[in-house]
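Subject: Structure handover

Hello,

My notes on what was found in it follow.

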Amino acid sequence: MSLAAEPHPSPPTGDIEPVLRLQDGALAYGSRTLWSGLDLDVVPGEFVAVLGANGSGKTSLLQVLLGMLPLTAGTLTLAGRPVRRGNEAIGYVQQQRRIDPLTPLRGRDIVRQGLVGHRWGTGLRRRSTAARVDAALAEVGATEYADMPVGLLSGGEQQRLRVAQALVGDPAVLLCDEPLLSLDQNSQRGITALIDEQRRRRGTAVVFVTHEINPVLPYADRVLYLAGGRFRVGTVDTVLTSETLSELYGVPVEVIRTRGRILVAGLPQDAQSQEHQHDADVLQ
Ligand SMILES: Nc1ncnc2c1ncn2[C@@H]1O[C@H](COP(=O)(O)OP(=O)(O)OP(=O)(O)O)[C@@H](O)[C@H]1O
């Protein structure tokens with residue numbers, strides 16, 4: 001049984017030039033190697049979900065892709081050029097976290113920060129900035145609360161604003177670090193569907209780190225699964241199998257598929273939070 005929901009994009013073909021290319025990448029902190037020999041090509045419009053055990057190096061991978069952390073070995077290019085910090089071609093959605101309820105910032109201020117380079121521009125440029133912010137707010141369905149203080153908004157509303165902030169500059173690549181954390185299931189579905197819609201419309205490549213696997217199942221073209229220094233890259237149906245996860249974790253792991261959802265049983269202790277998440281997803 002395939003877990004891919006319709007409509008599902010075709011898998012990338014070898015003919016499309018990757019926008020992001022990681023070749024033989026390795027990352028180590030001191031003597032501890034998180035991953036090595038990692039090849040990952042991401043093509044425009046592709047949705048790659050990054051899953052795996054706690055501490056397996058998912059966030060560190062995003063830091064590498066953001067140009068904030070150098071590879072220990074290998075090469076990384078964005079549109080054929082070495083990745084550098086502060087690249088405007090990369091949008092970044094941070095983890096959902098609580099915003100100070102007393103902050104004077106409004107929704108549109110958060111989105112405008114995604115165009116920070118234009119902030120001190122001419123009158124004409126300021127007008128175009130305002131128009132782009134309005135358009136981004138509309139695209140994520142946040143116009144209604146754009147002028148409210150962000151601290152008063154729900155977690156899901158705040159996360160929509162973060163997505164708009166990341167997309168307002170029309171990046172070629174969107175990196176998302178646990179964007180579904182502490183959101184309820186409806187908001188998780190809403191945010192994932194929103195990111196999917198945007199990547200289809202704009203052709204943005206998406207690299208989406210998450211522990212919440214079920215919300216991304218309908219959209220992920222490919223999965224990069226990291227565990228214990230090992231990894232697998234492939235479609236949902238090839239990577240999320242009992243055989244593959246047992247190999248990665250080095251212990252028997254069972255992947256149970258039910259009504260288009262996944263439950264993973266038998267994960268080792270360091271990956272338990274993920275198992276609980278899968279349980280919660282299936283049981284609700
Ligand atoms: N600057 C650093 N120096 C040394 N070790 C680090 C540093 N940053 C992260 N680590 C370690 O590297 C490992 C991978 O961390 P990372 O945050 O990338 O994992 P993760 O897969 O995102 O984990 P989680 O799912 O728990 O968020 C962890 O064991 C972490 O403690």
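Overview

The secondary structure of the chain comes to 8 helices and 12 strands. The chain has 284 residues, of which 39% are buried. Of the contacts with a separation of 6 or more, 66% are between residues 24 or more positions apart.

Confidence

The average pLDDT of the chain is 86, and 86% of the residues score at least 70. Strand β8 has the highest confidence in the chain, at 97, while helix α8 (residues 272–283) has the lowest, at a mean of 42. Over residues 274–284 the pLDDT is below 50, and this stretch has 19 contacts in the model beyond near neighbours in sequence. At the other end, residues 1–10 stay under 50 as well, and the model has 13 contacts for them beyond four places in sequence. Where pLDDT is low, the predicted coordinates should not be read in detail. For the complex, the predictor gives an ipTM of 0.96 and a pTM of 0.88.

The loop between β4 and β5

Alanine 79 is placed in the loop between β4 and β5. Its phi is positive, about 50 degrees, although alanine 79 is not a glycine. Is this residue buried, exposed or partly exposed? Alanine 79 has 15 C-beta neighbours inside 10 Å, so it counts as partly exposed; buried would take 20 or more, and exposed 12 or fewer.

Leucine 78 has arginine 81 in β5 as its bridge partner. Both strands belong to an open sheet of 4 strands, in the order β2-β1-β4-β5, with antiparallel pairing. Its edge strands are β2 (32–42) and β5 (81–82), each of which pairs on one side only.

Arginine 259 is a residue other than glycine with a positive phi, near 45 degrees. It sits in the loop between β11 (254–258) and β12 (261–265). Arginine 259 has 5 other C-beta atoms within 10 Å, so it is exposed.

Strand β3

Where are the partners of strand β3 found? One is β8, which runs parallel to β3 and is joined to it by 4 bridges. Another is β9, paired with β3 in the parallel sense over 5 bridges. Valine 50 takes part in both pairings: its bridge partner in β8 is valine 209, and in β9 it is leucine 224.

All this goes with a covered position. In β3 (residues 47–52), 6 of the 6 residues are buried, so the strand is largely enclosed by the rest of the structure. In a regular strand the side chains alternate between the two faces of the sheet. Here both faces are covered, with Phe47, Ala49 and Leu51 buried on one side and Val48, Val50 and Gly52 buried on the other.

A buried loop residue

Glutamate 212 lies in the loop between β8 (205–209) and β9 (222–227). There are 21 other C-beta atoms within 10 Å of glutamate 212, so it is buried.

Helix α4

Helix α4 (residues 155–167) has 13 residues and reaches 18 Å from its first C-alpha to its last, close to the 18 Å expected at 1.5 Å a residue. Because 10 of these 13 residues are buried, α4 is largely enclosed by the rest of the structure. Among the buried residues are Arg160, Leu161, Arg162 and Val163.

The ligand

Which residues surround the ligand? They are Tyr29, Leu34, Gly52, Asn54, Gly55, Ser56, Gly57, Lys58, Thr59 and Ser60. By class, this shell has 2 nonpolar, 7 polar and 1 charged residues. Helix α1 (residues 58–65) gives the most to the shell, with 3 residues. Gly52, listed in the shell, is also one of the buried residues of β3.

Regards

Definitions and conventions: Residues numbered from 1 in each chain as written. Predicted model: local features only at pLDDT ≥ 70, side-chain atom pairs only at ≥ 80, totals over all residues. Pairing = 2+ DSSP bridges. Helix = DSSP H or I, 4+ residues; strand = E, 2+ residues; numbered from the N terminus. Near = placed C-beta within 6 Å. Nonpolar A, V, L, I, M, F, W, Y, C, P; charged D, E, K, R; others polar. Expected span 1.5 Å × (residues − 1). pLDDT = per-residue confidence, 0-100. Contact = placed C-beta atoms within 7 Å.
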